[in-house]
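Here is a short report on one protein model. Look at the sequence and structure first, then read on.

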Amino acid sequence: MQSLHTLLKSTASHSFCECEAAPAIEHGARHKGFHSVEIFSADQAGVDCVLSNLPVSSASTVAAERSKSPRKPLYTPEQRARRDATPWTLVQAILAPLQFLVFLISLGLVAYYLTTGKGYEAATASILIKTFLLYTIMITGSIWEKVVFDEWLFVEAFFWEDVFSMLVLALQTLYVVALLKGWWTPEQQVYIAVAAYGTYLVNAAQFLWKLRVARLEGKKNDAGSQSGQMSPSMTAPGTNWAGQQS
């Protein structure tokens, strides 16, 4: 009988079964009442193996943990280097908060018009400025994605952000066309802008979340680099790290 490499330290009982055609079997399990991991191996068919009387839920948990794959980082090391080097990153970092500031001012003017019926000209001007900034950040953002990811739009890392950005752009463009063509009443036109602003809030939240993820990945990357410098043997060759924002 093949000897156990590590014995299970627990009060739980064990049962024995026959392993069929297993050149090397390794099992690890963690559950309530178990104080260590049980590891065993068998070199040929027909040898006895020790199995823990694990509940089905525990076995499912172990299988689920093993099936999990690491979350893909936003950037590869090369993409992260390009992101940090290109001036378009700074352009995006300036335009994003500027657009949000204009959005807040415009939202106040639009709300004032819809509630009082006054200030239509100011609300209209603010919506047009917001639309201009939106086109500007979309064009420069597309250039940024091309530089960093070698794709103009809809890269995997920011696919849904780009989808919502295009939806916002479509609604704001519809507002401008309706304004120029005289479609619907002024109030109805402004409600199109309100719909665009609601979608923009979702889009802004998406990018803020990605910014947080990128910062966490950046800290992880920096920590991994420092660890590698202190103890090179502890760092596995070929390990990729990533970091952001757009």
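## Confidence

pLDDT is the predictor's confidence in each residue, on a scale from 0 to 100. This protein has a mean pLDDT of 76, and 62% of its residues reach 70 or more. Residues 1–54 stay under 50. The model gives that stretch 88 contacts (heavy atoms within 4.5 Å) beyond four places in sequence. Residues 230–246 are also below 50. Where pLDDT is low, the predicted coordinates should not be read in detail.

The model is predicted: local features need pLDDT of at least 70, side-chain atom pairs count only at pLDDT 80 or more, and totals for chains, interfaces and linings use all residues. Residues are numbered from 1 along each chain as its sequence is written, and side-chain values use heavy atoms, with hydrogens and water left out.

## Helices and strands

The protein has six helices and two strands. These are DSSP runs, numbered from the N terminus: helices are H or I with at least four residues, strands are E with at least two. Along the sequence the pattern reads β-β-α-α-α-α-α-α.

Take helix α4, residues 120–149. Its 30 residues reach 42 Å from first C-alpha to last. That is close to the expected 44 Å, where the expected span is 1.5 Å times one less than the number of residues. Asp-150 follows α4, with a positive phi near 65°.

## Burial

Of the 246 residues, 34% are buried. Buried means under 20% relative accessible area, exposed over 50%, and partly exposed in between (1.4 Å probe, protein chains only). Phe-154 lies in the loop between α4 and α5 (159–181). Phe-154 counts as partly exposed because its relative accessibility is 37%.
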